[in-house]
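Please open the model in your viewer and keep the sequence panel beside it. The stops below say what to select next and what is there.

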Amino acid sequence: MIGLFGIAWAMTPIPDSTQKQATAQGSVIYYRDGKTEIARQGVDRKNVPLSTVPKHVRDAVIAIENRSFYTDSGVSVKGTARSVWSTVTGQQLQGGSTITQQLVRNYYSGLSQERSVTRKFKEILIAMKVDQSKSKEWVLEQYLNTIYFGRGANGVQAAAQAYFGKDVGKLTVSEGAYLASVIQQPSRFADPQGGDLDAARSRWTSVVNGMREIGALTPEQAAAEKFPTLKAPKKPFEFKGQSQYMVDQVRAELNRRGYTDEAINGGGLKIVTTFDKKLMDAAARAVKQVIPAGTPKKIRVGLAAVEPSTGEVIAFYGGKASQYKYDNAFSSQVQAGSTFKPYTLAAALNDGMGLSTRVDGNSPMRVASDPSHPIPNDSGRSYGHINLIRATQNSVNTAFVDLGQKVGLDKVAATAEAMGIPAAQLKQHQGAASFPLGVASLSAVQNASGFSTFANGGVHVEAHVIKSVTDARGKKTTIKPASAQAISKEAAGDATYAMQQVVKYGTGTAARLYDRPVAGKTGTTDDSGAVWFNGFTAQMATAVNMFRDDNKTVQIPGYGVQFGGQLPAQIWRAFMTEAMAGKPVVQFPEPTDFGYGVYDSEPDEDRGLRDDSTRDPDDWSYEDETPSPDPTLSPPTEPEPTDTPSDEPTVPEEPESGPPTGDDGSGLPTTGPGEGRDNAGRPANGR
């Protein structure tokens, strides 16, 4: 027997790895302040050193679980014999006896949970070896950080928070005794009621008496202890507002940066995001305040705000996560419409053209590559040969088609890609003459990121949602996004100047901020299947879109068919008014072609424009060049859509089959035809 024991001893080393579940620590995701929690992910455990656990808590555990802990060799002869006998006879298996044995069974890998004499014998040998090679303090620390206490809490720190809402270091004697009492039956004593409460009180009394018996408490102290008041158990965690969407994007970016799901769920990471809580709330408010009651449930709204100098996505609105599986800001992609024209403008300016460059604004236009499909302007209007400021201000389709031909569609695509638009979303369309008009599909985040390049002097900084990640050991990794000069500083400044005229005198006057300069561009796809307003100040770029998941016209009862300069621009202004409050006013750079800029930014009665200096800020009747009635004065009489209006004006309906999907062959979601040509080859409306 001695020889066999010696062989077994030699052949049973201490495992060199631990069970993943035993050491896993959940990760916490924070807003950009690093203090306000968004969500917790994975196992609810936070390992703490033994020194932070009060002595009375340690004594309580030892008193009820293993009074001989500091004197035994890691095993209890009586307890082990009882356990082995119950296993051999088929009776109910007894507990692991000592704290060391319990740790070995739950901490080290390679020990199964099967009820067998072989497993029990192996457990005994490893426990004895651990006792010889590790200090008692090490064993007790691992044990307290490993065991399950109920209420989803793993380890004594998580348990202290779950049962009493405080850190373990602040537990009273009575509270510590209760945590010790739940170790035996954590599920039963997690929220005891009726008979279970009586059993929990009895077990707690046994712990206190045990503490008295081992000298941890005097008889007087033990008699004075009262059964503690337990904190109500937390309800299962539910994401609120945009939290689910935030967590989805954080996990996706962590995966892209090399963090596995296992590391996120069990690595004890502290993840600080780029999201600003106040601005997230402001984004939601802007949508809710502007979108009218009676809006059809299929109409969806997306908003994304990017900080140009850092690339940080600081706020977004993606809809209601309870209704949408796919958010409207990151995941859903719709045709960009005329918000893509600034990328064409940037390509031309970066290629050496100036704001004074003349392009053909006559309608319709035929191009050699597709002569059978002439491209018209909105309402078929011709503008003659115009410069790039007027072309941008009036969103002239033919002028941008001509500009695309002059600069080269390959350069337009390359410029858009450099400014943050994924090449895969451009490739399918870049050979078409209508490519500059926005037939490619983009998300709100991508479009905001692209426009942020203008505000950042032509430098594009990769859009991202994570600021830093700190691991369980305290090592902090600060995210360093990719950054590159996408277009020249001069090209960015000139394009910005042209887009300022859009907001001052053109199609985007509803987005004006009266305390600071704004540049931007409206976008309206064919039949208003998607409508946009993209704009920026020097400190923030924001994109707003509205679309339907069934590709139909965005039409609201009492407000009619929507265009980019209407509700999207109003949402943009509502959000940016709050976001810019208190921030310094930063002027945009002067254009290099300044003389032409002054001339062409002035109102021209012949073009249906007027001086906006005295205009009502809520009057958004000038969408592109065609005036439309002010809905607050004379609601249009278009027939209402067949959709059932929502009881809650800002709660569009979830698509039944996932995100909007397009026909571009890339598998990337879109919501149907856009500016340029629609799916049937018809020309876009040019707004």
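## First stop: helix α12

Select residues 243-256, helix α12, whose 14 residues should span 20 Å at 1.5 Å a residue, and the end C-alpha atoms are 20 Å apart, which agrees; the expected span of a helix is taken as 1.5 Å times one less than its number of residues. Helices (H or I, at least four residues) and strands (E, at least two) are DSSP runs, numbered from the N terminus. This is a predicted model, in which local features need pLDDT of at least 70 and side-chain atom pairs count only at pLDDT 80 or more, while totals for chains, interfaces and linings use all residues. Residues are numbered from 1 along each chain as its sequence is written, and side-chain values use heavy atoms, with hydrogens and water left out.

Now colour the buried residues of α12, which are Ser243, Tyr245, Met246, Val247, Gln249, Val250, Arg251, Glu253 and Leu254; buried means under 20% relative accessible area, exposed over 50%, and partly exposed in between (1.4 Å probe, protein chains only). Following α12 is Gly258, whose phi is positive, near 100 degrees.

## Second stop: the five-stranded sheet

Next, display the open sheet of five strands, which has the order β7-β6-β18-β17-β16 with antiparallel pairing; two strands pair if DSSP finds at least two bridges between them. At its edges stand β7 (313-317) and β16 (519-524), each with a single partner strand, so one side of each is left without a neighbour in the sheet. On average, neighbouring strands of this sheet are turned by 10 degrees against each other, direction ignored; axes are lines fitted to C-alpha atoms, for helices over the stretch in contact, and angles run from 0 to 180 degrees between N-to-C directions.

Focus on β16 and strand β17 (residues 530-536), which run antiparallel and are joined by six bridges; the bridge partner of Lys521 in β17 is Asn534.

Select Ala444, in helix α20 (residues 444-455), which is buried with a relative accessible area of 0%. Which residues are in contact with Ala444, leaving aside its neighbours within four places in sequence? They are Gly302, Leu303, Ala304, Asn328, Ala329, Trp532, Ala543 and Asn545, where contact means heavy atoms within 4.5 Å. Phe330 is 114 residues from Ala444 in sequence, yet the two are 6.5 Å apart in space, C-alpha to C-alpha.

Now show Phe275, Met540, Met546, Ile571 and Phe575, which touch the most other members of the largest nonpolar core, a set of 69 residues; a nonpolar core is a set of buried Ala, Val, Leu, Ile, Met, Phe, Trp, Tyr and Cys residues joined through side-chain atoms within 4.5 Å. A second, separate core of 53 residues includes Leu144, Ala153, Tyr178 and Leu179.

## Last stop: backbone exceptions

Most residues other than glycine have a negative phi, and most peptide bonds are trans. Centre on Ser395, in the loop between α16 (388-393) and α17 (397-407), which has a positive phi of about 50 degrees although it is not a glycine; at 3% relative accessibility, Ser395 counts as buried. Move to Arg151, in the loop between β3 (148-150) and β4 (153-154), where phi is near 60 degrees, also a positive value. Finish at Pro364, in the loop between β9 (358-360) and β10 (385-387), where the peptide bond from Ser363 to Pro364 is cis, with omega near 0 degrees.
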